[in-house]
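Visitor: Good morning. I would like to talk through a protein structure with you. May we look at it together?

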Amino acid sequence: MTSAEPAEKLLIPVLSAPWDDTRPWTLDTYRRHAGYEGLRAALAMPPDDVIALVKDAGLRGRGGAGFPTGMKWQFIPQNDGKPHYLVVNADESEPGTCKDIPLLFANPHALIEGMIIASYAIRCDHAFIYLRGEVVPVLRRLHAAVAEAYRAGLLGRDILGSGVDLDITVHAGAGAYICGEETALLDSLEGRRGQPRLRPPFPAIAGLYACPTVVNNVESIASVPAILARGKEWFKSLGTEKSPGFTLYSLSGHVTNPGQYEAPLGITLRQLLDVSGGVRPGHRLKFWTPGGSSTPMFTDEHLDVPLDYEGVGAAGSMLGTKALQIFDETTCVVRAVTRWTEFYAHESCGKCTPCREGTYWLVQLLKRVEAGEGVDGDLEKLLDIADNINGKSFCALGDGAASPIVSSLQHFRAEYEQHIAERRCPFDPAASTVWADGPRPGHQSATEREVHA
């Protein structure tokens, strides 16, 4: 992949291929796109060979850390006499992250097929989908898709005459961001308050109900059927050497055409902006996140950073969930970081002191600076508190709260100092709204839609 290639040629619809079809969420539509062919290929192989194939293909977890999926499956002990479980983490709730919910809404059978393959590989006969409970339309669609799969003999007893059994339970969580952390998710699934567990033991040894458990992200599992159907060499031909394959990039914020863009790993933001219409007309890029609000922010200097795990890491951030939030020059970076930090303070489970107390005090300081009431020394105090959270909290929530503060001060310290020196915020919040420059071309206001109706 080179930066000279047109972005349109780099986009590769795999998971999103049926999205433009009529009723793409149905089993009939999914089968028209070679659905469940990967499952047939998997059932013709020994389970260990399926694990080896996924491992050799180089599929990495699409939920944040990028851990090799096949290696995670390989950690499950065999012949231990215990039930094995697969749990799919669909508790997507970080600001800016919005790929799994559209995928589940438009193409739920990709996940179901991937779950059957993964369950077969790890010798699991009961799998769970842990979904964020607020997204009721997606919950209903998942239940309908699972019911379709049961009626078609793709779930239940003796799947496709293979002798393999699998039941899938769709579980709606109560809406806690902390339950996106895998061990907190397992506690919640077991009926307890969602809080991170002390590790070791790790879920692969003692996860759900103290049994060996694989916890994978929605996109990770939904990507498996294409590998089985098309082969590992096809998958490795996409992306980069250490980050092979395709993925969903979520563009939001001050971009002309926000949405999901499916492309090989290693594409750049410059290329994605080319195909999405660029930053909204008349404005320029100021800062952006490569992997959601919990990842260190980038600026316009990072437009050509390859969006894979190694490229983003070498540039000082994390690819995370590939949630590309775009902010133009009308945005107050102090205001944006304050809103993110308020979210993390609200969602802290309170189990550990650095996160529970630290996020509270970060919010107090940031709100003071944003309001023009900051004093000399506040910025050093922000960095000191962030340092006392980062790497010292029970789970990654504390790290996620600290990273945008540290990176924003690295890139925009002068803007923080301006708030303190001028005793005010120098930005007009209304200027950053989507309606600030008037209606977009071809876009009707609510009043216009009502008149035409």
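Visitor: Among contacts between residues at least 6 apart in sequence, what percentage join residues at least 24 apart?
Guide: The model is a predicted one. In it, 70% of those contacts join residues at least 24 apart in sequence.

Visitor: And how many helices and strands are there?
Guide: The protein has 20 helices and 9 strands.

Visitor: Which strand order does the open sheet of 4 strands have?
Guide: The order is 3-2-1-4, and the pairing is parallel. Strand 3 (167-172) and strand 4 (213-217) are at the edges; each has a single partner strand, so one side of each is left without a neighbour in the sheet. From one strand to the next, the twist averages 20°.

Visitor: Over how many bridges do strand 2 and strand 3 pair?
Guide: Strand 2, residues 126-131, pairs with strand 3 over 6 bridges, in the parallel sense. Within this pair, Ala 127 stands opposite Ile 168 of strand 3.

Visitor: Which strands does helix 8 touch?
Guide: Helix 8, residues 136-151, packs on the sheet and touches strand 2 and strand 3. The direction of helix 8 makes about 170° with that of strand 3.

Visitor: A change of topic: what is the radius of gyration of the protein?
Guide: The value is 23 Å. A compact globule with 453 residues would have a radius of gyration near 22 Å, so the protein agrees with that expectation. Along the principal axes, the C-alpha atoms fill a box of roughly 75 × 50 × 45 Å.

Visitor: What share of the residues is buried?
Guide: Buried residues make up 55% of the 453. As for the accessible surface, the total is about 18900 Å², and 53% of this belongs to carbon and sulfur atoms.

Definitions and conventions
Residues are numbered from 1 along each chain as its sequence is written. This is a predicted model: local features need pLDDT of at least 70, side-chain atom pairs count only at pLDDT 80 or more; totals for chains, interfaces and linings use all residues. Side-chain values use heavy atoms; hydrogens and water are left out. Two strands pair if DSSP finds at least two bridges between them. Helices (H or I, at least four residues) and strands (E, at least two) are DSSP runs, numbered from the N terminus. Axes are lines fitted to C-alpha atoms, for helices over the stretch in contact, and angles run from 0 to 180 degrees between N-to-C directions. Contact means heavy atoms within 4.5 Å. The radius of gyration is taken over C-alpha atoms; the globule rule is 2.2 Å times the number of residues to the power 0.38. Buried means under 20% relative accessible area, exposed over 50%, partly exposed in between (1.4 Å probe, protein chains only). Accessible areas come from the Shrake-Rupley method with a 1.4 Å probe; for residues, only the protein chains shown count as cover.
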